[in-house]
Amino acid sequence: MQTPIQQITVGLGERSYPIEIGPGLLQRSPLFPNLPQQILIITNTLIAPLYLAQVKQSLAAHQVVVHEIGDGEAEKSLPNYQAIMDTLISHSFARDCAIIALGGGVVGDLAGFVAATYQRGVTFYQIPTTLLAQVDSSVGGKTAINHQLGKNLIGAFHQPHGVLIDTDCLQTLSARDYTCGLAEVVKYGIIADADFFTWLEQQAGALCARDTSAITQAIKVSCSIKAAIVAADETEQHQRALLNLGHTFGHAIEAADYQHWRHGEAVAAGMVIAATLMEQTGQLASTDLHRIRQLLQQLGLPVEAPQLTLQQWQDYMQRDKKVKAGVIRFILPTAIGQAQMIGLSDWQVIATAINACSSSQPFSKLMLGSADA
Ligand SMILES: NC(=O)c1ccc[n+]([C@@H]2O[C@H](COP(=O)([O-])OP(=O)(O)OC[C@H]3O[C@@H](n4cnc5c(N)ncnc54)[C@H](O)[C@@H]3O)[C@@H](O)[C@H]2O)c1
Ligand SMILES: [Zn+2]
């Protein structure tokens with residue numbers, strides 16, 4: 001049976017926009033309603049051969065210019081930002097043009113920042129092609145590029161006018177990128193929706209097999225949770241911070257060992273540390289900690305962190321933007337489906353949780369999920 005197209009709205013008053021999810025959407029024409037004549041597609045050298053022709057065909061009636069960047073996080077750069085501005089200006093793009101991001105979070109963040117700033121802001125659409133981009137980065141309007149001294153240091157809030165999620169794109173994604181996206185999906189279950197978490201437990205096999213109907217449902221619920229949080233707190237003054245579950249620990253792991261660890265993998269291990277801390281302090285049931293570990297493992301994600309020194313953890317976590325006056329503000333689960341921001345300064349408590357979740361095993365072993373055996 002054909003999986004039906006799902007639609008969600010991000011409710012932001014006049015700036016509200018739809019997220020459409022389902023297979024085959026790239027072939028739809030028009031891709032988005034009321035598109036202007038001038039369109040810049042930003043994509044990369046890996047995605048273009050796979051999906052650009054389909055998108056261009058759906059935009060045959062428009063004046064389309066394509067700007068391709070290289071592949072990888074390093075492309076979210078000031079030189080690429082400048083080069084895209086050159087493309088827009090040399091093709092005389094007017095304020096009523098539209099920019100379409102066709103790619104993962106790297107393309108989306110860069111294209112979004114271009115759209116936020118070209119002529120003080122132009123219309124922007126997202127066509128996310130990685131699972132991470134489909135459930136996280138394409139929704140919510142955070143855009144950014146990196147500076148040599150740090151990630152996402154230059155950016156703006158600029159909401160898209162629409163997000164088109166073609167689930168068929170996930171079939172060409174590498175196993176590792178796909179699995180990393182699942183870590184963010186699990187995050188939504190832990191912070192906001194116990195029923196969704198239970199459903200993920202039941203569907204773990206189907207999700208690993210990239211079953212279209214299971215993926216579409218997982219993306220729909222994830223986007224609904226993110227949309228509700230963004231609608232309530234667009235600029236992260238309070239509850240949007242819940243989306244950072246596992247990220248303070250995860251960022252430290254990524255920073256300490258970026259050669260091995262991908263973002264989703266580090267977040268998975270980070271969520272286990274966060275849950276362990278709460279279990280050790282009597283604020284999370286042991287069964288919930290067990291379920292979190294087990295689900296992440298079933299999905300092929302690591303549940304243990306690499307062995308870093310306490311000094312390394314302190315250095316990396318204190319660099320995180322969630323630190324005020326020596327107190328690190330963690331997002332910590334109080335139950336499956338619920339999380340809170342809790343400020344901690346007692347390193348003994350933090351270190352006990354980290355130690356319980358650290359392993360001296362090499363990275364390849366941690367990825368095999370041997371921890372719960
Ligand atoms: N704006 C936000 O709210 C937000 C949230 C989370 C992450 N991010 C950002 O997102 C970025 C990471 O995003 P990502 O994980 O999508 O990385 P990515 O964009 O680098 O994509 C991962 C890899 O998959 C390839 N790829 C993309 N789509 C594909 C497809 N359909 N088939 C085959 N290969 C494909 C890419 O070329 C790349 O090699 C980071 O820069 C991060 O800072 C932003
Ligand atoms: Zn993340």
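Let's start at the ligand: a backbone N or O atom of Lys 142 lies 2.9 Å from a nitrogen atom of ligand 1. Keep in mind that this is a predicted model.

**Around ligand 1**

- Cys 169 also brings a backbone N or O atom to a nitrogen of ligand 1, here at 3.0 Å.
- With Asp 109 it's the side chain that takes part: one of its N or O atoms sits 2.9 Å from a nitrogen atom of the ligand.
- On its own, ligand 1 has 870 Å² of accessible area, and the protein covers 86% of that.
- Which elements give two or more residues to the shell around the ligand? They are H1, H3, helix H4 (131-137) and strand S8 (150-157).
- There are 25 residues around ligand 1, and those that come nearest are Asp 71, Glu 73, Thr 129, Thr 130 and Thr 172.

**Salt bridges**

- A bit of background first: side chains of opposite charge can pair when their charged atoms come close.
- The count for this model comes to 12 salt bridges.
- One of them pairs Glu 234 with Arg 15, at 2.8 Å from N to O. Glu 234 is in the loop between helix H7 (212-232) and helix H8 (247-256), while Arg 15 is in the loop between strand S1 (6-10) and strand S2 (17-22), so this pair ties together parts that are 219 residues apart in sequence.
- Are these two partners buried or exposed? Glu 234 has a relative accessible area of 18%, so it counts as buried. Arg 15 comes out at 43%, so it counts as partly exposed.
- Asp 109 belongs to helix H3 (residues 105-117) and Lys 76 to the loop between strand S4 (63-69) and helix H2 (78-90), so to speak a link between distant parts of the chain, 33 residues apart.
- Asp 109 and Lys 76 are both buried.
- Another pair is Asp 177 and Arg 262, whose closest N and O atoms are 2.5 Å apart. Asp 177 sits in helix H5 (residues 175-192) and Arg 262 in the loop between H8 and H9, so the bridge ties together parts that are 85 residues apart in sequence.
- Both partners here count as partly exposed: Asp 177 has a relative accessibility of 25%, and Arg 262 has 33%.
- Some salt bridges share partners, and these join Glu 73, Lys 76, Asp 109 and Lys 151 into one network.

**Helix H9**

- H9 covers residues 263-280, which makes 18 residues.
- From its first C-alpha to its last, H9 reaches 25 Å, close to the 26 Å expected at 1.5 Å a residue.
- How many of its residues are buried? The number is 15 of 18, so to say H9 is mostly covered.
- Just after the helix comes Gly 282, with a positive phi of about 75 degrees.

**Ser 58 in helix H1**

- Ser 58 lies in helix H1, which takes in residues 48-58.
- Ser 58 has a relative accessible area of 7%, so it counts as buried.
- What does Ser 58 touch, leaving aside its neighbours within four places in sequence? It is in contact with Leu 26, Gln 27, Arg 28, Ser 29 and Leu 31.

Terms used. Residues numbered from 1 in each chain as written. Chains lettered and ligands numbered in written order. Predicted model: local features only at pLDDT ≥ 70, side-chain atom pairs only at ≥ 80, totals over all residues. Heavy atoms only, no water. Helix = DSSP H or I, 4+ residues; strand = E, 2+ residues; numbered from the N terminus. Expected span 1.5 Å × (residues − 1). Buried < 20%, exposed > 50% of the residue type's maximum accessible area, 1.4 Å probe, protein only. Salt bridge = Lys/Arg side-chain N within 4 Å of Asp/Glu carboxyl O. Contact = heavy atoms within 4.5 Å. Near = heavy atom within 4 Å. Polar contact = N/O pair within 3.5 Å; in protein donor to acceptor, adjacent residues only side chain to side chain. Areas by Shrake-Rupley, 256 points an atom, 1.4 Å probe, with all protein chains shown as cover.
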